[in-house]
Amino acid sequence: THDVNSTQAAMAKAAKEYGIPVFILQHGRFAASDYRYNGRLPVGDYFLAWGDTDVAMAIEGGWKKEQVIKVGAPPLLDWTKPKPDGKTVVFVPAHIEALQSKTAANDNEALQIWERIRKIKGINPVIKLLAGEHPEELIHGNKFSTNRSEYGHIKKTYNWLLKRASCVVSQAEGTFELLAYSMDIPVVRMNPYVNDYHEWNTAADVC
């Protein structure tokens, strides 16, 4: 299980009350920062971390060293061989943050970036959304949405989207970027406050 929302945390606490060992599996890239920076308290008996950085953040966030076990990144198990089409550019907006104000700012920033990307000629832009976590009704153009709570979410992302992608444009580092790196897909970080159009055309140049 994981403990990033009240429901999951309540389940973990209930299991511990009945003497059932609870393993908290890191739910995404940099997710251990929830303890280090967002003030979440460890709930389970053990924390299953993806990598060395996550191990360090978990310990700094309150987990005991003997409670943290490095297991690697489960999403990489769904890796598939890339077959880039030379045109597909995937934009990945940031998702829900711990602070609602930060989420709103991210959404506004993402809309600016997306509209600029859509104006670049010679590419097939696709925006990668998470169901219930992005304002889909405000976003126009080619959308690819998955639900993180559904089985096969990562595999679908690999096979139906990343497999043909030639470039990823990122608003913030996260799990999706890790998947792209695993396939040697170029990742471009964009700055929405740069007014020089040449900067916005970087994605087309890289791809």
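Which side chain meets Lys70 in a salt bridge? Asp52 does, at 2.8 Å, N to O. This is a predicted model, in which local features need pLDDT of at least 70, side-chain atom pairs count only at pLDDT 80 or more, and totals for chains, interfaces and linings use all residues. Residues are numbered from 1 along each chain as its sequence is written, and side-chain values use heavy atoms, leaving out hydrogens and water.

**View 1. Lys70 and Asp52 form a salt bridge.** The pair links distant parts of the chain, 18 residues apart: Lys70 in strand E3, Asp52 in helix H3. Helices (H or I, at least four residues) and strands (E, at least two) are DSSP runs, numbered from the N terminus. A salt bridge puts a side-chain nitrogen of Lys or Arg within 4 Å of a carboxyl oxygen of Asp or Glu. The structure holds seven.

**View 2. Glu60 pairs with Arg36 in a salt bridge.** The N to O distance is 2.7 Å. Glu60 lies in helix H3 (residues 52-60) and Arg36 in helix H2, so the pair ties together parts 24 residues apart in sequence. Glu60 is exposed, with a relative accessible area of 53%. Arg36 is partly exposed, at 35%. Buried means under 20% relative accessible area, exposed over 50%, partly exposed in between (1.4 Å probe, protein chains only).

**View 3. Asp45 and Lys16 meet in a salt bridge.** Their N to O distance is 3.8 Å. Asp45 sits in the loop between helix H2 (33-36) and strand E2 (46-49), and Lys16 in helix H1 (residues 6-17), so the pair ties together parts 29 residues apart in sequence.
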